[in-house]
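Please keep the structure in view while reading.

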Amino acid sequence: MRLLIQNGYIIDPSQGTNTGKNLLIEDGRVVGLSSHGDGLPEGCEVFDATGLVVAPGFIDMHVHLREPGHEYRETIASGAAAAVAGGFTTVCAMPNTNPVNDHAAVTRFVIEQAERAGLANVFPIGAITKNSDGTELAEMGEMKDAGIIAVSDDGRPVPSAGMMRRAMEYARGFDLPVIDHCEDKSLARGGVMHEGHWSLVLGMRGMPAAAEEIDAQRNCLLAELTGARLHLAHLSTDGAIEVVRRAKEKGLPVTCEVAPHHWTLTDEAVQDYDTNTKVSPPLRSQNHVDAIIAGLRDGTIDAIASDHAPHHADEKALEYDQAPFGIVGLETSVGLAMDRLVNEGVISLERLVELCSTNPARVLRLEDRGTLRAGARADLTIIDSELTWTFDASRSKSKSRNTPFDSYAFRGGAVATVVGGRIVYLHPDYAKVAKQRHAFVS
Amino acid sequence: MDNGFKLKHLLGIRELSVDQITHLLDTADTFRDVSKREIKKVPALRGRTVINLFFEASTRTRTSFEIAAKRLSADAINISVATSSVSKGETLLDTARNLEAMAPDCIVIRHSSAGAPQHLARFCNAAIVNAGDGAHEHPTQALLDALTIREHKGHIAGLKVAIIGDILHSRVARSNIYLLSKLGATISVAGPGTLVPPEFAELIEQGVRVERDIQDSIADADVVMILRMQRERQTEAFFPSMREYAVHYGLHLSHLSQAASDAIVMHPGPMNRGIEISSEIADGGRSLILDQVTNGVAVRMAVLYLLAGAGKSENGAKRGQNGKNVVRGSSATAREGSVNKEKRERSKK
């Protein structure tokens with residue numbers, strides 16, 4: 001089967017491509033590029049991408065799909081549906097399920113469920129320690145054979161530096177990156193929001209920025225000691241980003257990601273005690289938001305990841321300090337990046353593709369993804385940078401609705417998602433706005 | 001009596017205007033007399049139902065609200081719920097919805113979680129009165145403190161108020177800082193470094209003076225407010241021992257020599273005698289601690305009357321806005337936010 005993505009604008013930082021071309025796909029792989037004027041190859045379906053940006057499939061390297069164990073919040077199938085609706089062709093599932101993904105049987109289960117769902121590619125991340133308890137190493141080798149692409153005790157970061165050192169040394173043997181949620185629990189314990197002006201006003205215990213920064217610093221020192229590849233998850237503070245900046249200057253194998261809510265909202269959003277603003281790391285103050293923006297601009301930050309964390313409405317309908325941490329993000333991530341970053345002139349479209357596709361593929365060593373070179377997997381994210389749309393949480397593909405972005409209006413978003421050469425998602429407004437795009441382009 | 005007092009709930013002092021505060025205090029003044037009569041009852045809330053829903057132990061506040069409701073002829077029901085099994089029992093929301101189904105006019109809530117009253121206000125029709133939520137606010141305490149100060153000093157503007165003790169965990173301190181500064185007082189706070197973060201200096205626009213030595217806070221003060229020190233803060237490593245606290249941060253007679261000659265001393269209760277306040281002061285001529293309790297009834301009568309009675313605003317009878325919550329604090333709309341804030345402030349005037 002052949003599919004021609006016609007008249008689009010190709011952005012592929014892996015090859016330095018930034019030009020108007022047609023893209024030909026055959027049997028789930030990229031064949032190559034051709035000029036807009038070229039004739040139609042034979043026996044070929046056509047997708048009209050006039051006025052649209054065609055990028056290698058976006059990879060969200062940090063999501064919680066809740067299966068096995070918490071299927072009332074999300075399943076791998078519902079999470080994969082939310083992923084493609086949000087423009088993601090690939091997601092990486094964190095191991096904090098029940099049971100924890102700390103051995104190969106769970107890894108294989110996740111992969112099988114994803115194959116059954118048949119939408120997005122799902123790569124499991126294994127636990128660093130058994131049951132993420134921080135005391136004994138998990139079977140990383142077995143899990144790698146079964147399909148994990150990284151290890152992490154996300155949410156329950158390894159408290160002991162000695163244990164973390166062993167984990168990094170051991171993971172290096174399997175060339176697995178170690179992903180860490182940076183949080184010194186002795187500083188953050190009991191906190192439910194960022195420690196600062198608003199935590200004082202609202203009378204809630206705060207988590208100081210230093211809790212994240214101490215752990216980020218510890219992990220970078222251990223990366224230097226062990227030579228292991230280290231990836232710091234959802235950084236939210238000025239100091240933590242600075243730690244990564246210095247580690248990179250030293251040439252350490254350190255990368256990091258940020259989440260859209262951390263550049264969009266500040267801790268002021270907590271003032272109505274809406275539990276959909278309760279997330280860890282917490283929404284920070286403006287100076288931290290500014291540091292994230294700076295890191296996105298200057299290249300310190302490698303990836304955008306949603307930290308999609310579904311929770312049932314009943315769980316979030318508790319008092320603020322009782323409700324669980326986490327918000328869903330798969331369907332608003334690209335919208336927030338386009339609206340708040342690209343269309344505000346903070347970063348270029350090319351840099352966006354780097355953050356959402358090229359770099360995550362590089363960090364995770366997903367060799368034939370994150371690129372549109374000939375022979376690569378035909379995973380595509382197709383973006384309309386002018387599309388205006390509104391996110392309606394009640395129509396989300398996710399099983400959960402815990403988002404602070406319900407009813408947000410966006411300019412720019414994903415309009416089509418192609419996985420393995422198959423169009424798995426088309427925005428409901430795609431046909432409606434196609435005419436306008438043609439008029440605009442001609 | 002209603003002169004444009006628009007308030008459906010009393011959730012905190014921070015969002016109140018000076019006019020609203022003054023109106024509440026003036027109303028409380030008129031109710032003070034009721035408690036001095038032989039027949040301590042007026043029919044203002046006859047046929048209205050007030051539920052006191054207390055999730056934290058309380059003697060003074062709960063009794064005060066109950067007496068206030070009864071002196072207004074309301075039917076008052078007290079519910080005390082142990083919070084030790086929060087995760088096992090019914091959720092707060094379900095409890096509130098069940099009570100709502102019995103059509104109360106007002107629910108007075110005390111809860112250990114900050115924001116619990118806001119949580120209820122979002123989903124309930126009844127007027128919600130915050131009787132203390134976590135470390136957030138305790139609006140009726142601040143109102144009764146202000147009423148007591150006004151009664152003794154004649155005014156609040158221009159007074160110097162020192163608040164001493166565990167400011168970090170104190171809802172009383174927060175509500176008082178907001179209220180007294182709105183009425184023109186200047187505030188200083190002091191206590192152990194662990195319990196008085198320097199960020200309190202910027203809690204309000206006018207600023208708060210943060211002192212390490214309680215003597216520096218008390219110097220020239222017209223009003224000295226002492227906060228209760230809770231023993232569990234010791235196990236949480238906020239201070240080493242009650243003994244050391246009493247020596248360094250307890251109020252002794254010698255401290256008052258530096259204060260204004262007519263300085264008054266207040267404490268929201270319950271007191272730890274010999275820890276945060278010496279008995280000579282607590283029982284001495286400058287102490288207004290029992291006046292505070294007396295004024296508590298008048299203030300709560302005013303609050304219940306204005307929110308649940310004839311004085312309540314038109315909005316009070318209508319269903320609350322249960323719609324989607326607008327998330328504030330969007331960095332990209334910060335400018336918009338300040339415009340809205342201006343609008344809000346204008347609309348208050």
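## Where the chains meet

In this predicted model, 30 residues of chain A are in contact with 28 residues of chain B. On the side of chain A that touches chain B, two helices, α6 (197–202) and α10 (286–298), each supply at least two residues, and the largest share, four residues, comes from α6(A). When the residues on this side of chain A are sorted by class, they divide into twelve nonpolar, ten polar and eight charged.

## Two helices in chain B

Within chain B, helix α1 (residues 18–32) packs against helix α12 (residues 289–308) at an angle of about 115 degrees, and the axes of these helices are 8 Å apart. The crossing of α1(B) and α12(B) is right-handed.

Which residues of the two helices meet? From α1(B) come L24(B), T27(B), A28(B), F31(B) and R32(B), and these meet a group in α12(B) made up of A298(B), V299(B), M301(B), A302(B), V303(B), Y305(B) and L306(B). The contact between α1(B) and α12(B) has ten nonpolar residues, together with one polar and one charged.

## A glycine in a loop

The loop between α12 and α13 (334–348) of chain B holds G309(B). Is G309(B) buried or exposed? It is buried, because 24 other C-beta atoms lie within 10 Å, and a residue counts as buried when that number is 20 or more.

Leaving aside residues up to four places away in sequence, G309(B) touches A44(B), L45(B), R48(B), L72(B) and L304(B). By contrast, S279(B), which is 30 residues from G309(B) in sequence, is 40 Å from G309(B) in space, taken from C-alpha to C-alpha.

## The sheet in chain A

Chain A contains an open sheet of five strands in the order β9-β10-β13-β14-β15, and the pairing is parallel. The strands at the edges are β9 (151–152) and β15 (303–304) of chain A, each with a single partner strand, so one side of each is left without a neighbour in the sheet.

Elsewhere in chain A, helix α8 (residues 238–249) lies across β13 (230–232) and β14 (254–258), and helix α8 runs at about 150 degrees to β14(A).

How values were computed:
Residues are numbered from 1 along each chain as its sequence is written. Chains are lettered from A and ligands numbered from 1 in the order in which they are written. This is a predicted model: local features need pLDDT of at least 70, side-chain atom pairs count only at pLDDT 80 or more; totals for chains, interfaces and linings use all residues. Two residues are in contact if their C-beta atoms, placed from the backbone, lie within 7 Å. Ala, Val, Leu, Ile, Met, Phe, Trp, Tyr, Cys and Pro count as nonpolar, Asp, Glu, Lys and Arg as charged, and the others, Gly among them, as polar. Axes are lines fitted to C-alpha atoms, for helices over the stretch in contact, and angles run from 0 to 180 degrees between N-to-C directions. A crossing is left-handed if the near helix is turned anticlockwise from the far one by less than a right angle, and right-handed if clockwise. A residue is buried if 20 or more other C-beta atoms lie within 10 Å of its own, exposed if 12 or fewer, and partly exposed in between; C-beta atoms are placed from the backbone. Two strands pair if DSSP finds at least two bridges between them.
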